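Subject: Structure for your attention

Dear colleague,

Please find below the structure I promised to hand over. My findings follow directly after it.

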Amino acid sequence: MVSKVPQPTDLNHARGAGPLAGVRVIEWGSLVSAPFCGKVLGELGADVIKIERPGLGDEGRTSGPFPGSVPHAEQSGLFLFANLNKRGITLDVESVEGRRILDQMLDSADIFVENQPLSLIESMGLGYESLRDPYPGLVVTSISPYGRTGPYKGYKGSDLTANAMSGLSFGTGHPHREPLTTPLHQASYLAGVGAAFASIVALLGRDLTGRGQSVDVAEAQVIGTLLTGYHLPTYIYRGVAGFRSGNRMRLGLFPNCVLPCRDGYICIDAPQMEQYRRFLDLLGEQDWMENPRYRDRRAMSDQYPEEAEALIAPWFMERTKQEILEACLANRIPCVPVQTFDEALEDPQLTHRQFFTDVEHASAGRLRYPGLPYRFSGTGPRQVRAAPRLGQHNEEVLCGELGISAADLDRMSREGTI
C-alpha cells in the first residue's frame, strides 16, 4: 500500500474557496456528532465524502422531522441540516471489497471522522493505532459518548446519558421535578463542533511534525467543559455543588431569571449594581423598594426567589417582549426575548446579517437553513451544497476518482457492496 505523503495545510486560498480548500475528509458516521463535524469542515471549504450503508443510509434519515410528518429518507430535517456541503456514497465497509475501497479513499484523505461503536472500529482495525503506520499523515477523529479510553469507553450512550455524566442534568430543571437534559441533540452538536476544530488544530500540527494524530472527543466531556465547568469556581470557593433552579440562573444576583410577559417570555440578568439601579429606575417608585428584605440581592435569588420575582412580574406582564427589549436597551440593562421559531426567522438582526440560507434539494425542495455563525475577511461566502441523496455521488467518486469501472460498479450494486 502506498502511503500518502503529508503536505502542508495551506490556509491561504482564493476568495470564496474557504480556508480548508484542498483538504479531503472521509466521514463514516450517523445521526449527529460525526455528520455535524463533517458539515462544519465542509462549510470551511473541505471536500467531505460521506459514507452511508447501502440501502439504509445514515440513521439520521429516519429521525425527522419530516414535512407534513410523513417519513421519507430524503426529507429528514435532521439529516438535511447535518449533511450540507458534502458528497455522498454508499459502501459496505465491512465487506472485503468495501474495505479495500475505504483503504483507497483513506490513502488520499487528510481527516477520517467516525462515531461508530468501539467494538466495530477495533474489529475492523480502523482505530488510530491501526491506521497510523499505513497513513502517517492521516488525522483520525473519533467521537463517542465517553471517549475511546477509560472505564466507559465501550458503553453505549446518548445525549441523555452524556448530559447526566457531565453533571449538567444535576442542575437543570425545577427543584421539585426530575432532572432534565439539553434539548435536540445538543451534546452531539457541540461534540461535532469541537471535533471539527480539534481536527483543524491537528492538521496544523501535521504541518510542524509531518504526522497525523488521534483526535478523541467525548460528548460528556464537551458538555462538562462548555456548560458545566463554569460552575467549578462556585464549588471551589463556596463549596456549593449546584442545584436545580427552574426558570432562574442559580447562585447569581437578583434579577437573573426568565419571566412571562404579555406575549411570551423574556430573560433578564442585571448582575452589576449600576445595571440593577437602572432597572429599578425603569420600574419606577414602588413600595417594596424600601423594604430591607429586598435589599439583599443574593438572598432574593437564593432564599426566596419566587417572592422576589412576584414583585417585578406585573411590570413584565403589562408589556410585550419588544417593548421590554427596547426599554432595557435604552437603559443598558441586559435582557433578551425568548423567541419562537417563527420569530427567530423574522429577527431583524439575523435578517440583516443574512444568516438564513435557502437551499434547493432534489427531493425535499427549497428549504431555509441556519447559515454560518462566523465570517472570514479573507474568503467570501461559499455556494451551499444540499445534503446528498443516498448514493448520489457513487459514480462520481468511485468511478471518476477511484477508477472503478462502470461494470464493477453495477456488479457491486447488485451484490449490495454499494
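Please bear in mind that this is a predicted model.

Four antiparallel bridges link S9 with strand S8 (residues 264-269); Cys 335 in S9 is the bridge partner of Ile 268.

Helix H6 and its surroundings

In helix H6 (residues 159-166), the buried residues are Asp 159, Ala 162, Asn 163 and Ser 166. Viewed down the axis of H6, they fall within an arc of 100°, so they line one face of the helix. In general, an α-helix has 3.6 residues a turn, so residues three or four places apart point the same way. The cover over the buried residues of H6 includes helix H7 (186-209) and helix H8 (219-228).

The axes of H6 and H7 come within 8 Å and cross at roughly 80°; the two helices are therefore roughly perpendicular to each other. Where they meet, Asp 159, Ala 162 and Asn 163 belong to H6, while Gln 186, Ala 187 and Ser 188 belong to H7. Just after H6, Gly 167 has a positive phi of about 95°.

Two arginines

Arg 87 lies in strand S3 (residues 87-90). Its relative accessibility is 6%, so Arg 87 counts as buried. The side chain of Arg 87 forms a polar contact of 2.7 Å with the side chain of Glu 396. Apart from neighbours within four places in sequence, the residues in contact with Arg 87 include Arg 24, Asp 47, Arg 385, His 393 and Glu 401.

Arg 293 sits in the loop between helix H10 (273-283) and helix H11 (297-302). Arg 293 is partly exposed, its relative accessible area being 37%. Not counting residues up to four places away in sequence, Arg 293 touches Met 300, Tyr 304 and Glu 307. With Glu 307 there is a polar contact between side chains, at 2.7 Å. The C-alpha atoms of Arg 293 and Gly 400 are separated by 76 Å, and the two residues are 107 apart along the chain.

Backbone details

Most residues other than glycine have a negative phi, and most peptide bonds are trans. The following deserve a look against that background.

The peptide bond from Gly 64 to Pro 65 is cis, with omega near 0°; Pro 65 lies in the loop between strand S2 (47-52) and helix H2 (77-82). The bond from Phe 254 to Pro 255 is also cis, with omega near 0°, and Pro 255 is found in the loop between helix H9 (232-238) and S7.

Leu 31, although not a glycine, has a positive phi of about 60°. Leu 31 is in the loop between strand S1 (24-28) and helix H1 (33-43) and counts as partly exposed at 26% relative accessibility. Asn 85, not a glycine either, has a positive phi of about 60°. Asn 85 is placed in the loop between H2 and S3 and is buried, with a relative accessible area of 8%.

With kind regards

Conventions. Residues are numbered from 1 along each chain as its sequence is written. This is a predicted model: local features need pLDDT of at least 70, side-chain atom pairs count only at pLDDT 80 or more; totals for chains, interfaces and linings use all residues. Side-chain values use heavy atoms; hydrogens and water are left out. Buried means under 20% relative accessible area, exposed over 50%, partly exposed in between (1.4 Å probe, protein chains only). A polar contact is a pair of N or O atoms within 3.5 Å; within protein, one must be able to donate a hydrogen and the other to accept it, and residues adjacent in sequence count only if both atoms are side-chain atoms. Contact means heavy atoms within 4.5 Å. Two strands pair if DSSP finds at least two bridges between them. The arc is that of the directions from the helix axis to the C-beta atoms. Axes are lines fitted to C-alpha atoms, for helices over the stretch in contact, and angles run from 0 to 180 degrees between N-to-C directions. Angles under 35 degrees count as roughly parallel, over 145 as roughly antiparallel, 65 to 115 as roughly perpendicular and the rest as oblique.
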